[in-house]
Amino acid sequence: MKIIISHDIDHLSFREHLSDLFILKYIVRAKIEWLAGKIGLSELYRRLIRIFSNKLQNLDELMDFDKAQSIPSTFFIGVNQGKGLNYPAPEAEKWIRRIMDNGFEIGVHGVNYENINEIRKEYERFIRYSGKKKAGTRMHYLRMDKHTCEHLSDCGYIYDSSLYEMKPPHFYGTLWEFPLHIMDSYIIEAGGYFQKRKLAEAREVTRQRISLAAENKVEYLTVVFHDIYYADTFITWKQWYEWLISYLKKEGFEFISYDNAVKELNTRL
Ligand SMILES: [Zn+2]
């Protein structure tokens with residue numbers, strides 16, 4: 001079993017959210033998690049004062065960590081706006097270059113999942129910004145309907161990783177679907193909206209999920225960790241990610257990027 005690590009970029013700044021409820025929800029969430037005893041007073045304080053820094057992303061910090069750990073991670077970035085992903089495409093373009101300059105792979109964090117013309121616009125905009133010949137995607141909020149895979153394949157995507165299920169990759173038209181197996185929020189929030197688990201429990205659930213993947217003969221175990229949680233404003237999340245990388249290394253797993261996994265799979269067609 002090889003490991004594919006990825007990061008979804010949902011937000012860049014607080015300012016993007018001046019006209020929606022994100023900042024209010026962010027404050028309420030921090031208070032609820034503090035009242036429930038899931039985070040301490042200093043973490044609550046850091047979360048609140050961070051609003052004034054206007055910085056939500058932690059991309060440089062996460063790239064530094066992944067680079068130091070030699071993790072060939074893939075960053076999924078949005079080039080369209082919708083469902084709380086508000087940053088403008090020119091900002092995304094700037095980050096696409098920076099992430100690629102740092103030697104990481106990059107794909108589309110897809111917003112539209114229903115309309116093939118809109119899906120194609122996102123694909124072509126990303127190709128233009130990145131200069132890549134081919135691209136893969138993960139849908140924002142894993143939104144899919146029964147035609148999404150077909151649309152993605154028709155637009156030229158070479159892989160998608162949005163289906164949350166414990167299965168190996170399967171070929172769909174011209175596209176490889178890599179089911180998603182481990183998502184930070186499903187582990188730490190346990191299906192709710194707030195932090196439910198502390199680190200020890202999150203680790204245990206994750207170990208069980210990795211064992212289940214091995215039992216299911218999953219060849220490529222896929223993981224998503226959101227960069228907004230790689231900060232001392234979300235201590236459990238950051239510690240969980242760092243623990244996960246060290247655990248997977250200790251267990252002797254090899255890491256691979258989506259693009260290279262696609263190359264491996266294509267040689268078998
Ligand atoms: Zn997202």
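1. Let's start at one residue, Met 166, which you'll find in the loop between strand 5 (159-160) and strand 6 (170-172). Helices (H or I, at least four residues) and strands (E, at least two) here are DSSP runs, numbered from the N terminus. Residues themselves are numbered from 1 along each chain as its sequence is written. Keep in mind that this is a predicted model: local features need pLDDT of at least 70, side-chain atom pairs count only at pLDDT 80 or more, and totals for chains, interfaces and linings use all residues.

2. The cut-offs: buried means 20 or more other C-beta atoms within 10 Å of a residue's own, exposed means 12 or fewer, and partly exposed is in between, with C-beta atoms placed from the backbone.

3. Which residues does Met 166 touch, leaving aside its neighbours within four places in sequence? They are His 181, Leu 212, Ala 213, Asn 216 and Val 218. Contact means that the C-beta atoms of two residues, placed from the backbone, lie within 7 Å. Met 166 and Lys 217 are 51 residues apart along the chain, and their C-alpha atoms are separated by 9.5 Å.

4. Now look at Lys 217 itself, in the loop between helix 8 and strand 9 (220-224). Lys 217 isn't a glycine, yet its phi is positive, about 55°. Lys 217 is exposed, because it has 9 other C-beta atoms within 10 Å.

5. Ala 190 is worth a look too: its phi is near 50°, a positive value in a residue other than glycine. Ala 190 lies in the loop between helix 7 (184-188) and helix 8. With 14 other C-beta atoms within 10 Å, Ala 190 is partly exposed.

6. Inside helix 8 (residues 199-215) sits Arg 209. Arg 209 has 18 other C-beta atoms within 10 Å, so it counts as partly exposed. Beyond its neighbours within four places in sequence, Arg 209 is in contact with His 181 and Ile 182. His 181 also turned up among the contacts of Met 166.

7. Next, a helix pair. Two packed helices are described by the angle between their axes and the distance between the axes. For helix 1 (residues 22-35) and helix 2 (residues 41-50), the axes come within 10 Å and cross at roughly 175°. Helix 1 and helix 2 are therefore roughly antiparallel to each other, a label used for angles over 145 degrees. Ile 27, Ala 30 and Trp 34 of helix 1 meet Leu 41, Leu 44, Arg 47 and Leu 48 of helix 2.

8. What about the inside? In soluble globular proteins, nonpolar side chains tend to be buried together. The largest nonpolar core here has 62 residues, of which Ile 4, Ile 77, Tyr 157, Leu 221 and Val 223 touch the most other members. Helix 9 (residues 235-250) gives the most to this core, with six residues. A nonpolar core is a set of buried Ala, Val, Leu, Ile, Met, Phe, Trp, Tyr and Cys residues joined through C-beta atoms within 7 Å.

9. Finally, zoom out. The protein chain has 10 helices and 10 strands. Of its 269 residues, 41% count as buried. Along its principal axes, the C-alpha trace spans about 55 × 45 × 35 Å. Among contacts with a separation of 6 or more, 72% come from residues 24 or more positions apart.

Technical notes
Axes fitted to C-alpha atoms, helices over the stretch in contact; angles between N-to-C directions. Parallel < 35°, antiparallel > 145°, perpendicular 65-115°, else oblique.
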